[in-house]
Amino acid sequence: MSFIPGQPVTAVVQRIEICKLRQCDNLILGFSIGGGIDQDPGQNPFSEDKTDKGIYVTRVSKGGPAEAAGLMIGDKIMQVNGWDMTMVTHDQARKRLTKKNEDVVRLLVTRKSLEDAVRNAMV
Amino acid sequence: MDTESQYSGYSYKSSHSRSSRKHRDRRERHRSKSRDGGSSRGDKSVTIQAPGEPLLDNESTRGDDRDDNWGETTTVVTGTSEHSVSNEDLTRVSKELDESSPLECRRFVGPVLSGCLGLFALLTPLAFLLLPQALWETLHPCGTPCEGLYVSLAFKLLVLLISSWALFLRPPRATLPRFFVFRSLLMVLVFLFVASYWLFYSVRVWEPREPEYRVIVEYAASLVDALLFIQYLALVLLEVRHLQPAFCLKVVRTTDGASRFYNVGHLSIQRAAVWILEHYYSDFPVYNPALLNLPKSILSKKMSGFKVYSLGEENSTNNSTGQSRAMIAAAARRRDNSHNEYYYEEAEMERRVRKRKARLVVAVEEAFTHIKRLQDEEQNPSASSPKNPREVMDPREAAQAIFAPMARAMQKYLRTTRQQPYHSMESILTHLQFCITHNMTPKAFLERYLTPGPTLQYQRENGRGRQWTLVSEEPVTSALRQGCTFSLRRLDFALVVTVTPLPFLSLGEEFVDPKSHKFVMRLQSETSV
């Protein structure tokens, strides 16, 4: 998941569709995010490349819609409903995920095991 | 067995000397208390207690403190000739040099010669001016132009005189083995110059009896101008050129590894040697031959395989290093754990020194409280008891009065740190007197004994000079360059010098806008969605 500046980023992604759960006037998804271009990438425990400023899933609450949809901790979110998540600030990412008029968010996430699986299949 | 007999013989001798030493010790101290001026004085520096063990004296290297071999530094011993001269020869030669007195004058031949030449050069313009006036009658007197020339001539001569006195008329610090190239060059230049001026004078002015006096005055003025320029050249070559640093010299003393780095400019090898020696006397700690040897207990432990009992005195350990070294070769195959003993011996030694030092400091502090200045006493009359009028002493007597309580502690400390050859009782008393006179604290008094000072501190007043030998593979008048090495040898140690050029620095510039100092916090937030 490292990127070369100037080259398009390629990754093997998984589509995850999460239905937001209504909880006393809040729509929650059931996970936490960390990262962003305004954050310190060196402190990210899930990234392979410590200069990667993407959005990562840092916690998935048990029994929540995210866990049900198959989101796993340590996933890097590449797109949310078509919006890019690789070069956004932390706040922008939060806003894209918590839009009040959307009930469903469709994420494209990537993780290392996906790449490994594809590579092993190709060999 | 060989080692056995040697060892037992040594212990017998040392016990013998130790008892006699104790005797001598007691006697000397007794004598010193009763007499003014202390223990016996020989031609060598005198110690408070007995000199080192007799065995040590025969093999110990003669340190700088012994007066024997100071003579003139006029022998040219450079290059390959150095190898053919052994140490004893050198000692003998320098001893002979000591007795012959004409060599004392050789120090001044160079300066006297250049002084004469300078004087001759200075008097020449005056001679040019005065000779026609004195010896001829037919001279056209010249008016105002000459007046100006007279004044300028007079002032230029005055400037030449003063600057020559300031720059060149100084007692020489050293005699160099080969000619000082720049100086001889300049002397030759001045001589040729003045000679050619005299030549032209005699041909153009004297023979045809030049009637125009103005011409003669202008001629003399041009000579003085040229002399001023030669002096400028001399100033640049002799004084200024070597000021800008160009080389870094590493100076290492061969016996104990004391080293320093110095920055010098463009110098010839012999001039650099003089420069280094001047700094050696004030920078390097004094060379103490007694500190070089490992204690005998370490070296002999693995040699003989016998148990070592140190009989009484702690300082018996630096004996018979010659014997130890002979036995080292024999015991090479034994298991070597002398490093262990060395470590413990070092720690023990350090502890001992510190203990003695503590005792010394306390004794000195106490001794200093017994003395007070008379003026201070008069200012607090309440402190003094009117019943006992104190006798007023001068510094010498005061020093002697307070020396007695600290003498023993001082003796023991000096003996532990092996400094006793450098400090005689007389010198300690003199120093104490000096410190009392200048209101120094005990700590200031002790500073001289607690750290080994630079060599200059221990030199006696001696106008004869020190003999050093410059050993070099290249001719000593060649300039310093990278990788050049030479050494300066005395009888028992040498200074090895290596030359490295200073690196060329290319300095860049970076402008920092004061407004550019801005900071942000490093964030790491986690949001639940």
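This is a predicted model: local features need pLDDT of at least 70, side-chain atom pairs count only at pLDDT 80 or more; totals for chains, interfaces and linings use all residues.
Helices (H or I, at least four residues) and strands (E, at least two) are taken here as DSSP runs, numbered from the N terminus. Residues are numbered from 1 along each chain as its sequence is written, chains are lettered from A and ligands numbered from 1 in the order in which they are written, and side-chain values use heavy atoms, with hydrogens and water left out.

I begin with helix H14 of chain B. H14(B) covers residues 425-437, which is 13 residues. From first to last C-alpha, H14(B) reaches 18 Å, close to the 18 Å expected at 1.5 Å a residue; that expected span is 1.5 Å times one less than the number of residues. Which residues of H14(B) are buried? They are Met425(B), Glu426(B), Ile428(B), Leu429(B), His431(B), Leu432(B), Cys435(B) and Ile436(B). Buried means under 20% relative accessible area, exposed means over 50%, and partly exposed lies in between (1.4 Å probe, protein chains only). As a general point, an α-helix has 3.6 residues a turn, so residues three or four places apart point the same way. Just after H14(B), Asn439(B) adopts a positive phi of about 60°.

Tyr150(B), Val151(B), Phe155(B), Leu158(B), Leu161(B), Ile162(B), Trp165(B), Phe168(B) and Leu169(B) make a nonpolar patch of about 920 Å². Patches are made of residues with over 30% relative accessible area and no salt bridge; like charges are joined within 9 Å, and nonpolar side chains (Val, Leu, Ile, Met, Phe, Trp, Tyr) within 5 Å. One member, Phe168(B), sits in the loop between helix H5 (144-167) and helix H6 (181-206) of chain B. Phe168(B) is partly exposed, at a relative accessible area of 33%.

Next, chain A. Its secondary structure comprises three helices and eight strands, in the order β-β-β-β-β-α-β-β-α-β-α from the N terminus. Of the 123 residues in chain A, 37% are buried. Chain A exposes about 7100 Å², with carbon and sulfur atoms supplying 54% of that area; accessible areas come from the Shrake-Rupley method with a 1.4 Å probe, and for residues only the protein chains shown count as cover.

Finally, salt bridges, each a side-chain nitrogen of Lys or Arg within 4 Å of a carboxyl oxygen of Asp or Glu. Over all chains, the structure holds 17 of them. One joins Lys76(A) to Asp52(A), with the closest N and O atoms 3.1 Å apart. That pair links strand S6 (residues 76-80) of chain A, where Lys76(A) lies, to the loop between strands S4 (31-35) and S5 (55-60) of chain A, where Asp52(A) lies, 24 residues apart. Both Lys76(A) and Asp52(A) are buried.

Another salt bridge, between Arg111(A) and Asp75(A), has an N to O distance of 2.6 Å. Arg111(A) lies in the loop between strand S8 (104-110) and helix H3 (112-122) of chain A and Asp75(A) in the loop between helix H1 (65-69) and S6 of chain A, so the pair ties together parts 36 residues apart in sequence. Arg111(A) is buried at 10% relative accessibility, as is Asp75(A) at 0%.

Between the chains, Glu526(B) and Arg59(A) form a salt bridge at 4.0 Å, N to O. Glu526(B) is partly exposed, at 46% relative accessible area, and Arg59(A) is partly exposed at 41%.
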